[in-house]
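Open the model in your viewer and keep the selection tool ready. We will go from stop to stop, with something to pick at each one.

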Amino acid sequence: MFIDSHCHLDFPVFDALADLITQSQAAGIDAFLVPGTTSESWAGVLALQHEYSAIKVALGLHPYFLQSYQASDLQQLASLLAQYTVVAVGEIGLDKWPNLPDYQLQQEVFVAQLAIATEQALPVILHARKSEDDLLKLLRQSRFTHGGIVHAFNGSLEQAKRFLDLGFVLGIGGTVTYPRAQKARRVLQALSDSDYVLETDSPDMPVCGYQGQANSPLRILDIAHTVSELRQQSVLEIAHHTSANLQRVLPNWHKVKN
Ligand SMILES: [Zn+2]
């Protein structure tokens, strides 16, 4: 069985969600981790976890969407985490996309959410875009020890090892399905079986061959197929390792009650 460790099933494009879950489970994708993005998203994300036993969620403030950020969001996050069992704080992180506002604010909100995760003894789901070294620095400065997942990891092998040393696993998604993604493919080939999980980032990050359409958790199978070729392992072995890895870094995975 496969788990999609990162998909935004709360986004409006997934209006036929019950059907998609049935279809995914029939294809061997049994469970889904849906991270929050803004404070406005949290109620909907929690509702999905309540409604579907296959969905586990994380709550957090995504660095890309801080335009609507208010300081009270952090208090609200802390109080929701005290009230509801979720698997992680996320997705949180740093995004150096050109023209995104205020990298200083991103760092402050990230560090504040690391403190909240520490308070709740929760792992985190990290969003990194050209910011891996900054994230590693802030994780160390914050003495964060609960690990988690570096979603859509696209850094170097050296950076991968530093995240692994801090108790993280790496999210492997559609990028490796593109033959031109030489660096990401080499990193994947150098990892141990215990180092990574699979994700689609649906509806974003299209898999090679499916550009121009909304991405879907069903594409986990295409990603697993590529991983199987690159690592010279069976798809079944990959399903086994990645599902075990996810449940290892997210200790609440089986504690969530619907
Ligand atoms: Zn995401």
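Start by selecting Lys96: with a relative accessible area of 40%, Lys96 is partly exposed. Here buried stands for under 20% relative accessible area, exposed for over 50%, and partly exposed for what lies in between (1.4 Å probe, protein chains only).

Before moving on, note that this is a predicted model, in which local features need pLDDT of at least 70 and side-chain atom pairs count only at pLDDT 80 or more, while totals for chains, interfaces and linings use all residues. Residues are numbered from 1 along each chain as its sequence is written, and side-chain values use heavy atoms, with hydrogens and water left out.

**Stop 1: charged pairs**

Lys96 sits in the loop between β4 and α4 and Asp134 in helix α5, 38 residues apart, and the pair links distant parts of the chain. Helices (H or I, at least four residues) and strands (E, at least two) are DSSP runs, numbered from the N terminus.

How many salt bridges does the structure hold? There are six. For another, select Asp193 and Arg231, whose side chains meet at 2.8 Å, N to O. Asp193 is in the loop between α7 and β8 and Arg231 is in helix α8 (residues 220–231), so this pair ties together parts 38 residues apart in sequence. Asp193 is partly exposed at 26% relative accessibility, whereas Arg231 is buried, with a relative accessible area of 14%.

Next, pick Arg219 and Asp222, joined by a salt bridge of 2.9 Å, N to O. Arg219 is buried at a relative accessible area of 17%, and Asp222 is partly exposed at 23%.

**Stop 2: helix α5**

Select residues 132–141 to see helix α5, where the buried residues are Glu132, Asp134, Leu135, Leu136, Leu138 and Leu139. These buried residues pack against β4 (88–95), α4 (103–119), β5, α6 (157–165) and β7 (168–172).

Just after α5 comes Arg143, found in the loop between α5 and β6. Is Arg143 buried or exposed? Arg143 is exposed, with a relative accessible area of 70%. Its phi is near 50 degrees, a positive value in a residue other than glycine. Most residues other than glycine have a negative phi, and most peptide bonds are trans.

**Stop 3**

Which residues does UniProt list for "binding site"? Select His127 and His151, which come from an unreviewed entry. Although they are spread over 25 residues of sequence, they cluster in space, with a largest C-alpha distance of 5.7 Å. UniProt positions are given in the numbering used here, feature names are shortened, and annotations may be inferred rather than shown by experiment.

His127 is in strand β5 (residues 124–129) and is buried, with a relative accessible area of 10%. Its side chain makes a polar contact of 3.2 Å with the side chain of Glu91. A polar contact is a pair of N or O atoms within 3.5 Å; within protein, one must be able to donate a hydrogen and the other to accept it, and residues adjacent in sequence count only if both atoms are side-chain atoms.

His151 belongs to strand β6 (residues 148–151) and counts as buried at 4% relative accessibility. Leaving out residues up to four places away in sequence, His151 touches several residues, including His6, Glu91, His127, Glu199 and Asp201; contact means heavy atoms within 4.5 Å.

**Stop 4: cis bonds and one more positive phi**

Go back to Glu91, in strand β4. The peptide bond from Gly90 to Glu91 is cis, with omega near 5 degrees. Now select Ser202 and Pro203: the peptide bond from Ser202 to Pro203 is cis, with omega near 5 degrees. Pro203 is in the loop between β8 and α8.

Finish with Met205, in the loop between β8 and α8. Phi of Met205 is near 50 degrees, a positive value in a residue other than glycine, and Met205 counts as partly exposed at 24% relative accessibility.

Key: Salt bridge = Lys/Arg side-chain N within 4 Å of Asp/Glu carboxyl O.
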